[in-house]
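Q: I have a protein model open and want to learn how to read it. Can we go through some features one by one?

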Amino acid sequence: MIVELDGREVSLTDEQIETYEAMTKLQRGVALASIAGEDIADAHRNAGGKCKNEEYRSPLAGQILANPLAVLFINSFKCL
């Protein structure tokens, strides 16, 4: 599986694919944007996250990034 990351295409390992497919669309978007170095509030917004009040967007994105699947996925890129 190939995903776009920071304007380039990246091929995922089998382990990354398994984790990626277990995440929701929003979790995937926020995790990928975070890996690309995007601000977490922008990552949440660009991934399609809904928020009634912008002041809560960063905490919501932080909760997504604290999810064990997101942590596992993000950390898998640190080993490459």
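A: Start with one residue. Thr-19 lies in helix H1. Keep in mind that this is a predicted model.

Q: Is Thr-19 buried or exposed?
A: Look at the relative accessible area. The cut-off for buried is under 20%. Thr-19 has 7%, so Thr-19 is buried.

Q: Which residues does Thr-19 touch?
A: Leave out residues up to four places away in sequence. Thr-19 then touches Leu-69, Leu-72 and Phe-73.

Q: Which members of the largest nonpolar core touch the most other members?
A: They are Leu-12, Tyr-20 and Phe-73. This core has 19 residues. Next, ask where its residues come from. Strand E1 (2-5) gives two or more, and so do helices H1 (14-22), H2 (25-35), H4 (57-66) and H5 (68-78).

Q: Which residues of H2 are buried?
A: Gln-27, Val-30, Ala-31, Leu-32 and Ala-33. Then look for what lies over them. The cover includes E1, H1, H3, H4 and H5.

Q: What follows H2?
A: Check the backbone angles there. Gly-37 follows H2, and its phi is positive, near 90°.

Q: How do I read the packing of two helices, and at what angle do H4 and H5 pack?
A: Take the angle and the distance between the axes. For H4 and H5 the angle is about 75°, and the axes are 5 Å apart. The range from 65 to 115 degrees counts as roughly perpendicular. H4 and H5 are therefore roughly perpendicular to each other.

Q: Which residues meet where H4 and H5 pack?
A: From H4 come Ile-64, Leu-65 and Ala-66. They meet Pro-68, Ala-70, Val-71 and Ile-74 in H5.

Q: Now for charged side chains. How many salt bridges are there?
A: The count comes to three. Take them in turn. Arg-45 pairs with Asp-42, and their closest N and O atoms are 2.6 Å apart.

Q: Where do Arg-45 and Asp-42 lie?
A: Both lie in helix H3 (residues 40-46). They are three residues apart, about one turn of the helix. Here is the general idea. An α-helix has 3.6 residues a turn, so residues three or four places apart point the same way.

Q: What are the other two salt bridges?
A: Glu-54 meets Arg-45, with N to O at 2.7 Å. Glu-54 also meets Arg-57, with N to O at 2.9 Å. Asp-42, Arg-45, Glu-54 and Arg-57 form a network of salt bridges.

Q: What pLDDT does the chain average?
A: pLDDT is the predictor's confidence in each residue. The chain averages 88, and 96% of the residues score at least 70.

Q: Where is confidence lowest, and where is it highest?
A: Confidence is lowest in E1, at a mean of 79. H1 has the highest, at 93. That brings us back to where we began: Thr-19 lies in H1.

Technical notes: Residues are numbered from 1 along each chain as its sequence is written. This is a predicted model: local features need pLDDT of at least 70, side-chain atom pairs count only at pLDDT 80 or more; totals for chains, interfaces and linings use all residues. Side-chain values use heavy atoms; hydrogens and water are left out. A nonpolar core is a set of buried Ala, Val, Leu, Ile, Met, Phe, Trp, Tyr and Cys residues joined through side-chain atoms within 4.5 Å. Buried means under 20% relative accessible area, exposed over 50%, partly exposed in between (1.4 Å probe, protein chains only). Helices (H or I, at least four residues) and strands (E, at least two) are DSSP runs, numbered from the N terminus. A salt bridge is a side-chain nitrogen of Lys or Arg within 4 Å of a carboxyl oxygen of Asp or Glu. pLDDT is the predictor's confidence in each residue, from 0 to 100. Contact means heavy atoms within 4.5 Å. Axes are lines fitted to C-alpha atoms, for helices over the stretch in contact, and angles run from 0 to 180 degrees between N-to-C directions. Angles under 35 degrees count as roughly parallel, over 145 as roughly antiparallel, 65 to 115 as roughly perpendicular and the rest as oblique.
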